[in-house]
Amino acid sequence: WVYSMLGAFEPGLALCRQARGEAVDLPPVIRPWPLALIALVEILNGNLAEAEATIQESEVGLKMENLTYPTSVFVLLAKVQLGLARGDTLQDVAYLDDQVAYLKNAGVRTFLPDALYLKSRALLAQGRAEEAREELVKARAKAKAIGSRRSLWQILFALSQLEAQFGRTVAAQKLQQHAQAVVQFTADHAGTSELRASFLKLPEVQAVLSG
């Protein structure tokens with residue numbers, strides 16, 4: 001998953017498939033985890049049909065309410081990201097409200113910024129820009145609180161775009177600059193020159209850097 005977020009999709013998928021093989025002999029509640037990871041990587045790589053098939057496989061014989069963290073978190077993230085990628089947002093807001101409540105009740109902060117960010121995208125797709133901004137503000141606060149640069153740069157960039165849409169140019173520029181700084185930090189700490197290069201080539205990252 002981390003490799004794929006750095007733009008290295010092939011090694012990311014290879015590791016996910018290896019994890020899937022290792023999970024075969026583990027309890028049923030664990031087996032969907034690597035499948036959800038595969039789906040997330042496929043979504044990031046634009047392979048939505050493959051992602052849908054993998055998500056369906058992860059849900060065979062399982063009830064979402066009986067899944068445990070972190071399995072449930074990744075299955076939920078995969079389902080929502082697939083819906084957003086396809087423009088199917090009508091049910092995503094309520095679905096994400098449930099996910100946010102689940103994460104809060106479980107005391108899991110790691111993926112709260114992700115859930116709030118995805119909710120903002122669903123709201124924005126429905127034309128509810130001000131509500132989307134409110135969720136992004138919450139997401140930014142959560143990401144900063146736990147030091148999650150992984151999610152912070154995307155949140156900052158989305159927020160900068162909304163501020164620009166509302167005509168708040170100075171605020172938009174400051175958010176854009178902050179997003180660029182986080183992106184640059186991530187690139188500089190990617191681990192290898194190859195990972196740095198693949199991360200900087202991602203369309204989303206290019207959009208942040210280009211302003």
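Q: In this predicted model, is Asp188 buried, partly exposed or exposed?
A: A residue is called buried under 20% relative accessible area and exposed over 50%, with partly exposed in between. In this predicted model, Asp188 has a relative accessible area of 46% and is therefore partly exposed.

Q: Which residue forms a salt bridge with Asp188?
A: The term asks for a side-chain nitrogen of Lys or Arg within 4 Å of a carboxyl oxygen of Asp or Glu. Arg196 is the partner of Asp188, with 3.3 Å between the closest N and O atoms, and Arg196 is itself partly exposed at 32% relative accessible area.

Q: How many salt bridges does the count come to?
A: The count comes to ten, and one of them joins Arg150 to Asp114, with an N to O distance of 2.8 Å. That pair links distant parts of the chain, since Arg150 belongs to helix α9 (residues 149-165) and Asp114 to helix α7 (residues 112-125), 36 residues apart. Arg150 is partly exposed at 24% relative accessibility, whereas Asp114, at 12%, is buried.

Q: Where do Lys138 and Glu135 lie?
A: Both residues sit in helix α8 (residues 129-146), three residues apart, which is about one turn of the helix. Glu135 is buried at 6% relative accessibility, while Lys138 is partly exposed at 44%.

Q: How many helices and strands does the protein chain have?
A: The protein chain has twelve helices and zero strands, and buried residues make up 45% of its 211 residues.

Methods: Residues numbered from 1 in each chain as written. Predicted model: local features only at pLDDT ≥ 70, side-chain atom pairs only at ≥ 80, totals over all residues. Heavy atoms only, no water. Helix = DSSP H or I, 4+ residues; strand = E, 2+ residues; numbered from the N terminus. Buried < 20%, exposed > 50% of the residue type's maximum accessible area, 1.4 Å probe, protein only.
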